[in-house]
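Reader: I am new to reading protein models, and I would like to learn how to go through one feature by feature. Could we take it slowly?

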Amino acid sequence: MTKKVWIHIVSSSDSDAEGSDVLAQGVYYLKNGTHYLLYEGLEEESAYQTTQHRIKFTADRVEVTKRGASRARMVFEPGSAHCSEYDTGCGVLLLTFAADELRLSEREDELRVTMQYRILFEQLQVSENRMEITVTPYGEIGKEKK
């Protein structure tokens, strides 16, 4: 996999009919068996100000960190629930992220992480969610795969 990549993140939730679809240019690297993605994005909840994102993942754990206009550290690990302060730009919420399923598919020209997880607030389930992160070399989007 090249260092310069496209990062495509599609997420859906049972509490949000629209979901989200993000496509960003980013940087990929592999260090000590852990995959890293770095990219910048505009956050709707913080009046479209820039936020730096880092996604760190292995086959059994995903950690998403946001820094900038909004701040968060979310850990997804099947069989575990992780509490995190999630700064919305309007205030901080203490949320729990409980991953039910996590899959990593690695090919020469593509990485794909798929996960299903629940978000809880004060021990009450707020939503069931699905996220898929696809990483391809920069310049590969739209090309036919053979």
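Reader: How many bridges join strand 9 to strand 10, and what does it take for two strands to pair?

Author: Two strands count as paired if DSSP finds at least two bridges between them, and the strands themselves are DSSP runs (E, at least two residues; helices are H or I, at least four residues), numbered from the N terminus. In this predicted model, 11 bridges join strand 9 to strand 10, and the two run antiparallel. Within this pair, Ile119 stands opposite Ser127 of strand 10.

Reader: Before we go on, what should I know about the numbering and the model?

Author: Residues are numbered from 1 along each chain as its sequence is written, and side-chain values use heavy atoms, with hydrogens and water left out. As this is a predicted model, local features need pLDDT of at least 70 and side-chain atom pairs count only at pLDDT 80 or more, while totals for chains, interfaces and linings use all residues.

Reader: Which residue takes a positive phi in the hairpin of strand 9 and strand 10?

Author: That hairpin has 2 residues between its strands, and Glu122 takes the positive phi, near 50°. Glu122 lies in the loop between strand 9 and strand 10 (124-137). For accessibility, buried means under 20% relative accessible area, exposed over 50%, and partly exposed in between (1.4 Å probe, protein chains only). Because its relative accessibility is 63%, Glu122 counts as exposed.

Reader: Where is Asn32, and is it buried or exposed?

Author: Asn32 sits in the loop between strand 2 (16-31) and strand 3 (34-43), and it has a positive phi of about 50° although it is not a glycine. With a relative accessible area of 76%, Asn32 is exposed.

Reader: What joins strand 8 to strand 9?

Author: Strand 8 (residues 92-107) and strand 9 run antiparallel and are joined by 12 bridges. They form a hairpin with 2 residues between them, and Glu106 has Leu111 in strand 9 as its bridge partner.

Reader: How many helices and strands are there in the protein?

Author: The protein has 0 helices and 10 strands, so that, by the DSSP runs already described, its pattern along the sequence reads β-β-β-β-β-β-β-β-β-β.

Reader: Which residues touch the most other members in the largest nonpolar core?

Author: A nonpolar core is a set of buried Ala, Val, Leu, Ile, Met, Phe, Trp, Tyr and Cys residues joined through side-chain atoms within 4.5 Å. Here the largest core has 27 residues, and those touching the most other members are Leu37, Ile55, Val62, Phe76, Phe97, Tyr117 and Ile133. Strand 9 gives the most to this core, with 5 residues. Contact means heavy atoms within 4.5 Å, and, leaving aside neighbours within four places in sequence, the contacts of Ile133 include Ile7, Leu37, Ile55 and Leu111. Across the protein, buried residues make up 39% of the 146 residues.

Reader: Is Leu120 buried or exposed, and what is it in contact with?

Author: Leu120 lies in strand 9 and counts as buried, because its relative accessibility is 15%. Beyond its neighbours within four places in sequence, it is in contact with Leu94, Leu95, Thr96, Ala98, Gln125 and Val126. Leu120 and Thr96 are 24 residues apart along the chain, and their C-alpha atoms are separated by 5.0 Å.

Reader: Which residues form a nonpolar patch on the surface?

Author: Patches are made of residues with over 30% relative accessible area and no salt bridge, with like charges joined within 9 Å and nonpolar side chains (Val, Leu, Ile, Met, Phe, Trp, Tyr) within 5 Å. A salt bridge is a side-chain nitrogen of Lys or Arg within 4 Å of a carboxyl oxygen of Asp or Glu. In this model the patch is formed by Leu93, Phe121 and Val126, with about 230 Å² of accessible area together. Such areas come from the Shrake-Rupley method with a 1.4 Å probe, and for residues only the protein chains shown count as cover. Phe121 belongs to strand 9 (residues 110-121) and, at 32% relative accessibility, counts as partly exposed.
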